[in-house]
Amino acid sequence: MAPIPVDEMVDGHGGVRPHWRRLLGAISDLGHRELLERGRQMARALHDQTGPTEGAAARCDPVPLLLTAHEFARLSEGMVQRARVLEAALRDLYGPRDLLADGVLPPSLIYPAPGFLRMGGPVAGAFLNFYAVDLIRGPDGAWRVAADRVARANGIGQALENRRQMTRTLPELFAGREVQPLSPFFDAWQDSLHHLAGLRDRNPGLALLTPGPRGSLRAEHVILARELGCVLAEAGDLAVRDGALWLKTVRGLRRVDVLLLRQDGWTVDPLELEGGSTPGIAGLLDAARGGAVRLVNHPASGLAEVPGLAAFMPALGRRLIGEDLLLPDVPTRWPARDGVDALLSDDRGRWWLRDSTDARAPACRLDRAKESMLATLCRTPDRFVAVEALAPSVMPSIQPAGIEPGAIILRLFALFDGGGWQVMPGGLARLLSDPDQLPGSAMDRARGAHGVTKDVWVTVEDSRNLVGIAAPPMPVLAIRRGQGDLPSRAADDFFWLGRYLEQLEDAGRILRVLTRRIGRVDGSPRERAELETVLRLAVHAGLLQGESVTGAGFATQMRALAEITLEAGLPQRLLSEIGRVSAGLRDRMTIETFETIVQGTDALRGRLREARVAGDAGRTLERVGRVTDDLLRYGATISGLTAENMVRSGGRQFLELGRRIERASSILTAIALILRQKDVSQRGRMEGALRLMLELSDCAITYRSRYFAVFQPAPVLDLLLLDDGNPRGVASQMAMVARALADLDPSGGTGLAEAVSMVMERLRGVVDDVLSAPQQDVAAAALPDRLLDIHAALRDLGQRIARRFFVVLMPPRAVGGSRTVERDATPDES
């Protein structure tokens, strides 16, 4: 008979545990429907915080897991003890290896393990500065360790965000109840990183290494970087030079003293380790051995996650620290030691069979194992470990159909502050999404990475507050007003975010002019010529596909207009790119700016999908017209937020550079294409062309206020090209580019300022030539090639900016060929 799981809320006599009673009353008062809606609010808030990721982020269930101060103290004591054992074991296995020589651990468990790194030289400092443990409460009511987490120990950012969302969304649950806060733990963690750097003469450089902007863990890394005061960096942002680690910024290299690793240890240094598809930092381990940078945790610490180690933890505790474990593992058998026959003769449904060395390999119930696996078990028993299938405890969760019980696994976190271990008074509980998976295994983590989590509360009765270590003396900081340590990659992303936003706004303006004209042509040559010009502009911008729409009938043009809303259409592609780039800049934006981008992007993509289902031409025009207005409002909103919420340096400067160069380029291109109309020099055609230029640039009202209803080329071109007070004119864009470059490159040694001046000089020549011409219409009609040449100069300016600020170090080049090593295993989202 299968054991009955423990209910976290109920005591051994069927009554509700005392510390749950008040909370249950608040839950009952709110009711299922209200709790379900609050849960949806938290899910939406989390999505707005994290932006686009690979799959949906884990959501927070409104019912928290409660731990008494006494119970948490016992778990903390056992967790700290395990951390001491694992640190001592790693120190031995990467040092004298007495544990192997004396037979305490078998070599077949260590050397084949993916976490065992073959490195040269000793490790400076501790292996473990951060540690997490996965716990399940078995049918006997005791907590047991399902897995040790040392390589990355993810989830602490999710735990902090869960607490914040619970506090904002469900204040009723906190009423009259004191819960230990989480923020002191992060303060102590930040102090420990400063202490680890050990600097007295300068402020330490802290960075967090993330694999990249994609993936569900990006939000976790953003939260950690923000809370700990670290720069969020990818491998390409970092380089080892002269035995030290440096961050590539727009103003050169900045020293990194402590690096938090958030990618697999075997990928961090392609010179010494196996490497793979995830980029690493060449020479990182050599810099760490020399003490120039401290790694948290050390990449070699992943060896502590070997599944078979659980069978030897009691012996390791007695051997290494002379103590019995206070927090035991889930019962685990090592078939090579305990006997295969004894295992197979036992109740096979009681055991899971898993790889003894690779924590990422999936587990299998012994009673469901294929004959080929059983034969391999008998032949090579040291390749496997058997883990007892305990029934985890359950607790209520809010589901659409009602309040339902769900099995949970608890993760707690601890840090080493240089003098001792501290455990965070809270954690992350997760509902097990599949009862047919071993808790804590790779498949269970992969299935639950985007599932349901719970906030973990620790009561304050008889508890001790976290006290951080004494902060080391810090030098007086020099005043800075520049972009500081903005990585070159982040600057590049800001630059392209600006360009994508401007391209989207430009597409919206072309669409607005097109929807006003298509289907409303009165048959006059001027009207037909203007429509053909707008269609060519739409084709050039990428809104419409092919030149076939120009000169085509109304039905063909309407079909082309409807295709704009498709996923392959330009607006959808630009919104996708804006979301992607913004996700990589989450740590560089204010919450309001980032949430507005995410919410606006999601809303616009939904409206574009709605617009494509229109039946007749009239409804298509109406819906596309409404979406066009939304696109323009979205662009204006982002412009206002960046102007008011972003400091006028660093990221905003590059965002503005991208926008201004893109806007100036689009204005020049539009004017050139409009002036290329057939017979544009004729009086009627030229007036229509000038009106179209002003309409596209939103300058018609300004022009009429100055010149009334008289349209001439020179005044129109002056307004669009030379008037630096016109926010939609080229001169205004170039003035802002010049100011940004003056801040970023005060010496002016790169020649970028001269390039801007040259563009303006050529624009003045264009307007002067038209103004002095005896026939302005003829002179204006001859301008397209000159304008496109200036446009090419602007594109060249953009490339020069990229070379100056985004490529600080040349990328490494392989000599004599290269090889990429891939690992065929389940992704570890731990």
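This is a predicted model: local features need pLDDT of at least 70, side-chain atom pairs count only at pLDDT 80 or more; totals for chains, interfaces and linings use all residues.

Residues are numbered from 1 along each chain as its sequence is written, and side-chain values use heavy atoms, with hydrogens and water left out.

**The sheet**

- Helices (H or I, at least four residues) and strands (E, at least two) are DSSP runs, numbered from the N terminus.
- An open sheet is formed by 4 strands in the order S11-S14-S12-S13, with antiparallel pairing; two strands pair if DSSP finds at least two bridges between them.
- Strand S11 (332-333) and S13 stand at the edges with a single partner strand each, so one side of each has no neighbour in the sheet.
- Helix H13 packs on this sheet and touches S12, S13 and S14; contact means heavy atoms within 4.5 Å.
- The direction of H13 makes about 110 degrees with that of S14; axes are lines fitted to C-alpha atoms, for helices over the stretch in contact, and angles run from 0 to 180 degrees between N-to-C directions.
- S12 and S14 are joined by 5 bridges in the antiparallel sense, and Arg354 has Val385 in S14 as its bridge partner.
- Between S12 and strand S13 (residues 364-365) there are 2 bridges, again antiparallel.
- In S13, Arg365 is the bridge partner of Trp352, and Cys364 is that of Leu353.
- In S12, 4 of the 5 residues are buried (under 20% relative accessible area; exposed is over 50% and partly exposed is in between, with a 1.4 Å probe and protein chains only).

- The buried residues of H13 (residues 371-379) are Leu374, Thr376 and Leu377.
- These cover an arc of only 160 degrees around the axis, which means that they lie on the same side of H13; the arc is that of the directions from the helix axis to the C-beta atoms.
- Glu371, Ser372 and Arg379 are exposed on the other side of H13.
- The cover over the buried residues of H13 includes helix H11 (335-338), helix H12 (340-345), strand S12 (351-355) and strand S14 (384-388).

**A helix pair**

- Helix H26 (residues 752-772) and helix H28 (residues 784-805) pack with axes 10 Å apart, at an angle of about 170 degrees.
- That angle makes H26 roughly antiparallel to H28; under 35 degrees counts as roughly parallel, over 145 as roughly antiparallel, 65 to 115 as roughly perpendicular and the rest as oblique.
- Residues of H26 including Leu752, Val759 and Leu763 meet a set in H28 that includes Leu787, Ile790 and Leu797.

**Two buried loop residues**

- Gln263 lies in the loop between strand S9 (258-261) and helix H9 (284-289), and counts as buried because its relative accessibility is 3%.
- Not counting residues up to four places away in sequence, Gln263 touches several residues, among them Arg152, Leu209 and Pro279.
- A polar atom of the Gln263 side chain lies 3.0 Å from the backbone oxygen of Pro279.
- Asn726 is in the loop between helix H24 (713-722) and helix H25 (730-744), and its 8% relative accessibility makes Asn726 count as buried.
- Leaving aside neighbours within four places in sequence, Asn726 is in contact with Cys699, Leu719, Leu720, Ser732 and Gln733.

Key: A polar contact is a pair of N or O atoms within 3.5 Å; within protein, one must be able to donate a hydrogen and the other to accept it, and residues adjacent in sequence count only if both atoms are side-chain atoms.
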